[in-house]
Amino acid sequence: MNINKNYKNLQENYLFAEVSSRVAGYKAAHPEADVISLGIGDVTKPLAPSVVSALKAASDEMASEKGFRGYGPYEGYGFLIDAVRGYYAERGITLGKDEVFVSDGAKNELGSVIDIFDKDNTVLITDPVYPVYLDSNVMSGRKIIYAAASEANNFLPLPDRKVKSDIIYLCSPNNPTGAVYTKEMLGAWVDYANENDAVILYDAAYEAFVTDKSLPRSIYEIDGARTCAIELCSLSKTAGFTGTRCGYTVFPSALKREGVTLGKMWLRNRSTKFNGVSYIIQRAAEAVFTPAGRRESQADISYYLDNARIIMTALSGLNVKYWGGINAPYIWLKCPGGESSWSFFDRLLNGLQIVGTPGSGFGKCGEGYFRLTAFGTRERVAEACQRLKKL
Ligand code: PLP
């Protein structure tokens, strides 16, 4: 028996463990301290009333012989697939019934979808990056190359035609930088992918935070994307489903390689490895797309974006340079005075009792930067901003 030796190439899950350990150390030494976290990427608002009603109604259905459901369709129930199709149709994007796959969230899909690609493919990821893209490809032993996101490109790297990549992860709005690609920029990636037979894995987990109507919320707003892109979406941040677990992934039927439709491979994969999302949760997810569900979840997103505005105003007052925060729940700031990410972390924790996330934990190019999230409650965000004045 041999283990998968690629696991030895994984970096220790250092970032959040180290954050927790430093915070725990500080609290142990200062038991009276009131520490505010602007570090977590988890929501704080409860589920919307229409989602909760749908959860309850579906639970009651399951309690009757007539309404009980066992295994559901691998690709998800038609009612939810149609709700997702309706959501895209509003933006002029027509999706077929067999192009949408209901998932238990984007993380699982982002890590699993690479099953359908050859191990010899070269994977391109941006740096800094949501760590799942990197780690799942390290586990499968693929060659990984990086596209640097920096101040020079506004944290939005574009394709380099001299570099050959087969699988490209793009995340917009971005975690951790909050940067959002324009249609023209995404068009450059789509052209590159079509010219090189590459496939883009487009992580749209934060699409609902895009309020600027000129910015794309789906890669299918770009001509040519249907032949090169898979879009991975999540209700986690859109509707507070981080603990409820539901998302969806789009495989356009025009996306084929070597004469094979990738969506058909994905259905084969899911029917082998996944028995679907529970009926109750899919009914709850359907409620997100009703007019009431949309209003309620949009109100929560506006609340988080208002938090972001409050944080950005405080940073502007301190002459701290930052990005993101307008069409994304993340604010990416430059550590003042050329300080390192971890040194700034310690200064905020020890001096102001505020916790954020060191940018270096998201990749080499994140060194010297720092991520704050807007997912806290208003009171805590306001209190943190008061404290920031002392920075
Ligand atoms: N993609 C990005 C960029 C994320 O930041 C996250 C969660 O933080 C996810 C995907 C995971 O989402 P889900 O909760 O749907 O698995």
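The paragraphs below lead through helix packing, aromatic pairs, selected residues and backbone features of this structure. The model is predicted, so local features need pLDDT of at least 70 and side-chain atom pairs count only at pLDDT 80 or more, while totals for chains, interfaces and linings use all residues. Residues are numbered from 1 along each chain as its sequence is written, and side-chain values use heavy atoms, with hydrogens and water left out.

Helix packing comes first. Helices (H or I, at least four residues) and strands (E, at least two) are DSSP runs, numbered from the N terminus. Helix α1 (residues 14-29) and helix α11 (residues 341-352) have axes that come within 11 Å and cross at roughly 30°; axes here are lines fitted to C-alpha atoms, for helices over the stretch in contact, and angles run from 0 to 180 degrees between N-to-C directions. Angles under 35 degrees count as roughly parallel, over 145 as roughly antiparallel, 65 to 115 as roughly perpendicular and the rest as oblique. α1 and α11 are therefore roughly parallel to each other. The crossing of α1 past α11 is right-handed; a crossing has this hand if the near helix is turned clockwise from the far one by less than a right angle, and is left-handed if anticlockwise. Contact means heavy atoms within 4.5 Å. On the α1 side, the residues that meet α11 are Tyr14, Leu15, Glu18, Val19, Arg22, Val23 and Tyr26, and their partners in α11 are Trp342, Phe345, Asp346, Leu349 and Asn350.

The crossing of α2 and α9 is right-handed. Among the α2 residues that meet α9 are Val51, Ala54, Leu55 and Ala58, and the α9 residues that meet α2 include Ile280, Ile281, Ala284 and Ala287.

Rings of Phe, Tyr and Trp (its six-membered ring) pair if their centres lie within 6.5 Å; planes under 30 degrees apart count as stacked, over 60 as edge-to-face and the rest as tilted. By this rule the count comes to 26 aromatic pairs. In one of them, the ring centres of Phe101 and Phe251 are 5.5 Å apart and the planes stand at 75°, so the pair is edge-to-face. Because Phe101 lies in strand β2 (residues 100-103) and Phe251 in the loop between β8 (247-250) and β9 (256-257), this pair ties together parts that are 150 residues apart in sequence. Both Phe101 and Phe251 are buried, where buried means under 20% relative accessible area, exposed over 50%, and partly exposed in between (1.4 Å probe, protein chains only).

Trp323 and Tyr369 form an edge-to-face aromatic pair, with 6.0 Å from centre to centre and 65° between the planes. This pair links distant parts of the chain, with Trp323 in strand β11 (residues 322-324) and Tyr369 in strand β15 (residues 369-373), 46 residues apart. Trp323 and Tyr369 are both buried.

One aromatic cluster is formed by Tyr206, Phe209, Tyr303, Tyr304, Tyr330 and Phe375. Tyr303 also has Arg378 over its face, at 4.5 Å from the ring centre. Likewise, Arg91 lies over the face of Tyr87, at 4.6 Å from the ring centre. A charge sits over a ring if NZ of Lys or CZ of Arg is within 6 Å of the ring centre and within 35 degrees of the ring normal.

Two individual residues follow. Ser236 is placed in helix α7 (residues 236-239) and counts as buried at 7% relative accessibility. Leaving aside neighbours within four places in sequence, Ser236 is in contact with Val43, Phe241, Thr242, Arg245 and Cys246. Thr126, in strand β3 (residues 122-127), counts as buried at 6% relative accessibility.

The backbone also deserves attention. Most residues other than glycine have a negative phi, and most peptide bonds are trans. A cis peptide bond joins Ser172 and Pro173, with omega about -10°, and Pro173 lies in the loop between β5 (167-171) and α6 (183-196). Another cis peptide bond joins Asn175 and Pro176, with omega about 20°; Pro176 is found in the loop between β5 and α6. Phe155 has a positive phi, near 65°, and is buried, with a relative accessible area of 3%. Gln353, in the loop between α11 and β13 (354-355), has a positive phi near 55°.
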